[in-house]
Amino acid sequence: MTTVAPELPRSASERRSAIAGVNPVAKLGASLLLALVLILTIDWVSASVALACELVLFMWAGLTLKVFFVRTALVWIAAPAAGLTTLLYGQAAGTVHWSFGLVLVTDGSIELAVATVLRVLAIGLPAVVLFITIDPTDLADGLGQVAKLPARFVLGGLAGLRMVGLFLDDWRALELARRARGIGDSGAIRRFFNQAFALLVLSIRRGSKLATAMEARGFGAPIERTWARESTFGRREWALLTVGLAIALLAVTVSVATGQWNFVLA
Amino acid sequence: MPPDTALSGPVAGVSIDANGWGWRHAGRRAWAVSNLDLRIEPGERVLLLGASGSGKSTLVHALAGVLGGDEEGEHSGRLLIDGGEPGQARGRVGLLLQDPDSQVILARVGDDVAFGCENLGVPRAEIWRRVEASLRMVGLNLPLNHPTSALSGGQKQRLALAGVLAMRPGLLLLDEPTANLDPEGVQEVRDSVARVLDQSEATFLVIEHRVSIWQDLVNRVVVLDRNGGVLADGPPGDVLARQGEHLAESGVWVPGVPHVLPDRRRTTSTSEPLLRTDSLAIARSAERVVATGIELQIRSGTAVAITGPNGAGKSTLALTLAGLLTPSSGRVVASREFAHHAAGDPIRWKSRDLLTRIGTVFQDPEHQLIAPTVRAELAVGPRALGLTDAVITSRVDELLGRLRLDHLADANPFTLSGGEKRRLSVGTVLATQPGLLVLDEPTFGQDFRTWREIVRLLGELIDGGTAVVAVSHDADFVAALADEEYRLPHVDRAPVKVASR
């Protein structure tokens, strides 16, 4: 029997949505799969097909529209920004619509820009949607047990992640202390670097204290480690990977069939 | 089967043997510990005392097997746990450290307690049985998925203790486990340990300079000698009676040894206040108001202590008075005389204008240290004021002597001990002779000697006309210095949203 006696800790978000309980390794794998295929080509067809499929699947992600747009806001800003850059400076081809100095808007750059916007959305949106439902502890469990990455590396990273909040507090205190010490009036850039260095020193000290505490709890002992939380990779995980692969293959197929496929490495 | 038997009963205490043992950290000339001969029997409960620098922590870290290998330092003699090397005894030894923040390893309470068991290869079902039992033992009645970031200092220490207990150690080592806690947290941790010892046969060794906390829980006191070896060893009553004076002199808080302090010359000052607050509300960040309706007056030559429970906003109030945090509403108003040429309220003053007016000593000295040497650190303020080299040198020399830091003038501030860092952080502020000193927990975690020095120094300054505002949990400190106590009420943990201004 491999069941665990007490109810396993679950983060609040996990109970709400269908994909939240899926092993983070599968989510990571599905996002990577999509991204890998979509960066092999720059055309608007493959990205549109992938994006259309994804938008349908987001319905099952259990996110409200508000949460969805708040969390993916960065992607919605990044996509048009990348598109605009491509529009103005992208490879020129076909009719020139507008030019100003180095800026050259052509048929070619318009097409590239559209493809870029769609691509950023098609890669970024699923990555964010899958990742916001990932609990770091579950990810570490998955990487250690399913992906078989070294426990030392995975758990060290996980423990380090927890210190980020402390660093933010430190940064604030360092800032106030510099004002209190009479050196807060000028030389903002130099002060920034000085403060960044102080933060580095503090974080190394915090890190080494944490390492001692972990070592004192047997971390790194030459014993085969057990895992308190089982990380399983079953039907749901394979299903998610399959969906990712299916979207990628569909995007490629349609793109090749319509003659739009344009292999970046070719 | 009652689950607590998973932790008590079968775990036998271990023995400790030191034969001429010593340790020297890599790159140091002096030995941290030398010529130590000591035998501790299984199940003994020992309080380990000694002046700072006598190597208590080094010994405890060595016993826990976390001193590191040959590249970290060299050893002499032998140190054995149950006849074997400490490094081989992983899991037999549990270590609880001082800093609550750096002992929380994982994000959820249950996972954090389970961490040690996982590393020792304990089967999964057994891990969760132990987790529940250990949490019950330390009295943390929280759901297993409770976020560890939401715990108080005392709770974090009890969580770490539970994590240690779940490994079922035969030796329980505590390295100043309550030094960074408020009085409530100290009591929590002490009571948890008492409960654990009631049910356990483990050998117990605690380092602590506040003797009264552990006195009743131990049956032996060992005092390490700064010059190597053991200075005193025996039942607590005997050792404290024979060595009490000496221990107090070296920084240990010995119950019954009175701390003789010169009385403050308390006068009821009626002068115009340097600072007053005007229906002040304070906030840690823009949308988290912690206290409102604060009316305070701060006069020269007097001390105001800010007290209150954790999270009540004591530090926030101090930093707001110090002109470092912006009030969320209301004002901190400086008298015309105190402001001198600086315009507006203190938060509007230039950083340099604060130097001669308000000096702030932060809770963590490391946040305010910015120079490569102690001497340069003390000179930062005077230099920002544009004083001449001659004046700077004389001020710095005077402070080095007064704070007993002269032998460390060229040392890097980060390498100083806790007490030395505290004295230095006070010194950096005194160097520009401000009219108001704002201190955040100036006696936190300090040994008796540093405590006494800080109280004396502040007493002299106040009697000399300086105004002092100090945040403190330390009832002795407040009693010794404060003319007035301003107690912030308890606030709910839930942040209060401010209407946008």
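Chain B is divided into domain 1 (3-8 + 46-52 + 90-249) and domain 2 (275-487). The model is a predicted one. Chain A also has two assigned domains: domain 1 (14-136 + 231-257) and domain 2 (147-216). Across the interface, 46 residues of chain A are in contact with 57 residues of chain B.

**Chain B: overall form**

- Chain B holds 15 helices and 18 strands.
- The C-alpha trace of chain B spans about 70 × 50 × 40 Å along its principal axes.

**Chain B: domains and annotation**

- The centres of domain 1 of chain B and domain 2 of chain B, taken over C-alpha atoms, are separated by 33 Å.
- Between them, eight residues of domain 1 of chain B are in contact with seven residues of domain 2 of chain B.
- On the domain 1 side of that contact in chain B, three residues are nonpolar, four are polar and one is charged.
- An unreviewed UniProt entry places the feature "domain: ABC transporter" at residues 11-252 and 275-498 of chain B.
- Residues 11-252 of chain B are 33% helix and 23% strand. The end C-alpha atoms of this stretch are 32 Å apart.

**Interface between chains A and B**

- The contact involves 46 residues of chain A and 57 residues of chain B.
- Helix H7 (136-145), helix H9 (164-180) and helix H10 (188-216) of chain A are the elements that give two or more residues to the side of chain A that touches chain B.
- H10(A) gives the most to this side, with twelve residues.
- By class, the side of chain A that touches chain B has 25 nonpolar, nine polar and twelve charged residues.

**Chain A: domains and annotated spans**

- In chain A, 34 Å separate the centres of domain 1 and domain 2, taken over C-alpha atoms.
- For "transmembrane region", an unreviewed UniProt entry lists residues 32-61, 73-92, 112-134 and 238-261 of chain A.
- Residues 32-61 of chain A are 73% helix and 0% strand, with end C-alpha atoms 18 Å apart.
- Residues 238-261 of chain A are 83% helix and 0% strand, with end C-alpha atoms 28 Å apart.

**Helix H2 of chain A against H6**

- Helix H2 (residues 24-38) of chain A packs with helix H6 (residues 107-131) of chain A at an angle of about 175°, and their axes are 9 Å apart.
- That angle makes H2(A) roughly antiparallel to H6(A).
- From H2(A), the contact uses A:Lys27, A:Ala30, A:Ser31, A:Leu34, A:Ala35 and A:Leu38. From H6(A), these meet A:Arg119, A:Ala122, A:Ile123, A:Pro126, A:Ala127 and A:Leu130.
- The contact of H2(A) with H6(A) has nine nonpolar, one polar and two charged residues.

**Helix H2 of chain A against H11**

- H2(A) also packs with helix H11 (residues 235-257) of chain A, at an angle of about 10° and with axes 8 Å apart.
- H2(A) is therefore roughly parallel to H11(A).
- H2(A) contributes residues including A:Ala26, A:Gly29, A:Leu33 and A:Val37 to this contact. Among the H11(A) residues in the contact are A:Glu237, A:Leu240, A:Gly244, A:Ile247 and A:Val252.
- By class, the contact of H2(A) with H11(A) has 14 nonpolar, two polar and two charged residues.
- A:Lys27, A:Ala30, A:Leu34 and A:Leu38 of H2(A) take part in the contacts with H6(A) and with H11(A).

Technical notes: Residues numbered from 1 in each chain as written. Chains lettered and ligands numbered in written order. Predicted model: local features only at pLDDT ≥ 70, side-chain atom pairs only at ≥ 80, totals over all residues. Axes fitted to C-alpha atoms, helices over the stretch in contact; angles between N-to-C directions. Helix = DSSP H or I, 4+ residues; strand = E, 2+ residues; numbered from the N terminus. Parallel < 35°, antiparallel > 145°, perpendicular 65-115°, else oblique. Contact = placed C-beta atoms within 7 Å. Nonpolar A, V, L, I, M, F, W, Y, C, P; charged D, E, K, R; others polar. UniProt positions renumbered as here; feature names shortened; annotations may be inferred. Domains from an automatic or database assignment.
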